[in-house]
Amino acid sequence: MTLRSLSAVAAVIDVECAKLAAQIKVRLLLAVCAAAPFVFAVVMRIQSSVPSDTLFGRAIKESGFAVPLVVLGFAALWAFPVLTSVVGGDIFSAEDRYGTWKTVLTRSRSRAEVFAGKVLTAIGFSCIAVAVLALSSVASGVLVIGPQPLVDLTGVLVPPSQALIRVVLAWASVLPPALGFTALAVVLSVATKSSAAGIGLPVVAGLTMQLYTFVDGPEMVRQLMITSAFGAWHGLLSEPPYYRPLVHGALVSAAYVVVCLAIAYRMLRRRDIGG
Amino acid sequence: MLDQPALEAAGVSKRYGNREALRGVDLIAHPGQLHGLLGPNGAGKTTLMRVLLGLVRRDAGTVRLLGRDLEAAPGSVADGVAGLVEGPAFYPYLSGRKNLTLLARLDDHDRSRRADCIDDALEQTGLASQAEVAVGAYSAGMRQRLGLAAAVLRSPRLLFLDEPTSALDPAGARDVRAIARRLADEGAAVVLSSHDMSEVEELCSLLTVIHVGRVIFSGTVNELRRRAPAEVHRLRTSDDDAALRLASRRNDMNVVRIADGGLEVSADLEALDSYVIALGRSGVAVRELERRARSLESLFLELTGHGGAAPLSTPAAPDAADRGLESVSMS
């Protein structure tokens, strides 16, 4: 890739960021990511019961580090497919909705550069959304509940500094599948030219994959479910820790990213921009 | 000797399924010239513009823009080439100025000059006072002006204008024509498709007529005019029978009675003048004389099969006359 191409991709990212910054839904989503964990932590502190059927739910009043892990478990089920699709599932189809492909593609940037800029913007937004949710979860747990030691999944007491590192690593471990969902949203956005499909179908796909875990289906299929990678962090909070699910989840996620983006680029490159 | 062509398209073909949208289209435009692109609805004008701008992939043919093959930079439009494609579209939640700012960023405009260039484009297109308004609140005419501003922003040496005055009021259309003419005067090649035959006649020195994806005429306006049939006028007199008898003694015109009353006269202006004078001398008063189709319009309608089966030398066909055309809407 030449310096000119890098500069071109940077220009596209710049433009996409300016467009996102002007959209209320994007700002609202980030605000929800920042505020929701605090609301959750305050409610947990006030109420007498705890979400005991959730991983680390029993410990939520005993250690603030349990809060980001409970939020992580919930987000893996519901929030990540939405968070990572909101921009990825709309960033291409919005051009179809507004009829602006002919405006964008008659400037000095190639389709490859436009594609790269949009994909990197979508990936960047997904990372930011996950990071905001992670930071807010950790901050709310520590500030509202307190930085007490955490009992891990094998019953070992983990000191606060170690607990913080493991919580951060656990959140970092969901980035690969989150990017896999972003890539899935991108390909659906390009293929369907519909933002509803681009945002909605990854959520449906995520729920379907979650449901499949309850079905006695082939193990091979289960191994290919990207949602499995959202639970790979459990190994980080065990003694001794185990990493195989993390590696497997990262590989499956990488495969989703490569395949989805390759298909999306091929479709965009070959598309005739009509009226 | 003419300069190197700004646009050279040869044998351009495009097929959508079983339908041939373009069939071996050739088009050449030179710097400093306004080249008109005419054709009825579905003729392939917009498809051709989209092919030339790289929005639609062609199945065959070669395209050179400003001396460079279209494939030299696949998927991007060469610097100096700009287009206003049918129904310009922008981000409705951003202001006109913000839209142009983002497009300038995509064009890699020098940051220090970007604001000045945008101000200049807004000023030229008469949008300066509305620049901060969200595009979602723009009328179709304002979006058309913004589309032109976006094209002007690229300082084009080759400019494609696809029906640029279609959504504009007369003042807006006049401004667009002035900009197109100024750009051509400054050396740009301008390829313009238009709804308005009179606009193309007024602006363009060269014409290409497309019908069913095929070029059916290419040449100067004067060449087209030489092939044009006589103009058609509707005539009402105090004694239509006498007027018909008088016309039957002349061989320089064709006069027929029409269904809604009165006569239809197909003749060039010189013959028409002479006929009107003769009517007066014979005691037949001319109560109404209205032009119904101009010669180029008549020819265009014949060329594109909208004028019935009449050969080129015959007067305008009934459906042309039926529209009472001063300027014919073609696409």
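This is a predicted model: local features need pLDDT of at least 70, side-chain atom pairs count only at pLDDT 80 or more; totals for chains, interfaces and linings use all residues.
## Two crossing helices in chain B

H8 covers residues 240-248 of chain B and H9 covers residues 269-281, and their axes come within 11 Å and cross at roughly 125°. Axes here are lines fitted to C-alpha atoms, over the stretch in contact for helices, with angles running from 0 to 180 degrees between N-to-C directions. Helices are DSSP runs (H or I, at least four residues) numbered from the N terminus. H8(B) and H9(B) are therefore oblique to each other (under 35 degrees is roughly parallel, over 145 roughly antiparallel, 65 to 115 roughly perpendicular, and the rest oblique).

Who touches whom? On the H8(B) side, B:Ala243, B:Leu244, B:Leu246 and B:Ala247 make the contact, and on the H9(B) side B:Tyr275, B:Ala278 and B:Leu279 do (contact means heavy atoms within 4.5 Å). By class, that gives seven nonpolar, no polar and no charged residues. Ala, Val, Leu, Ile, Met, Phe, Trp, Tyr, Cys and Pro count as nonpolar, Asp, Glu, Lys and Arg as charged, and the others, Gly among them, as polar.

## A helix pair in chain A

Over in chain A, H2 (residues 24-46) and H6 (residues 111-145) pack at an angle of about 25°, with their axes 9 Å apart. That makes H2(A) roughly parallel to H6(A). Their crossing is right-handed. Residues in the contact include A:Phe38 of H2(A) and A:Phe125 of H6(A). The contact residues divide into 19 nonpolar, three polar and one charged.

## Where the chains meet

Chain A puts 32 residues in contact with 34 residues of chain B. Between them the two chains bury about 2900 Å², 54% of it on carbon and sulfur atoms (accessible area, 1.4 Å probe, lost on being put together and summed over both). In chain A, A:Lys102, A:Arg107 and A:Asp272 lose the most area to chain B, together 25% of what that side buries.

## Reading the numbers

Residues are numbered from 1 along each chain as its sequence is written, and chains are lettered from A and ligands numbered from 1 in the order in which they are written. Local features need pLDDT of at least 70 and side-chain atom pairs count only at pLDDT 80 or more, while totals for chains, interfaces and linings use all residues; side-chain values use heavy atoms, leaving out hydrogens and water.

Note on methods: A crossing is left-handed if the near helix is turned anticlockwise from the far one by less than a right angle, and right-handed if clockwise.
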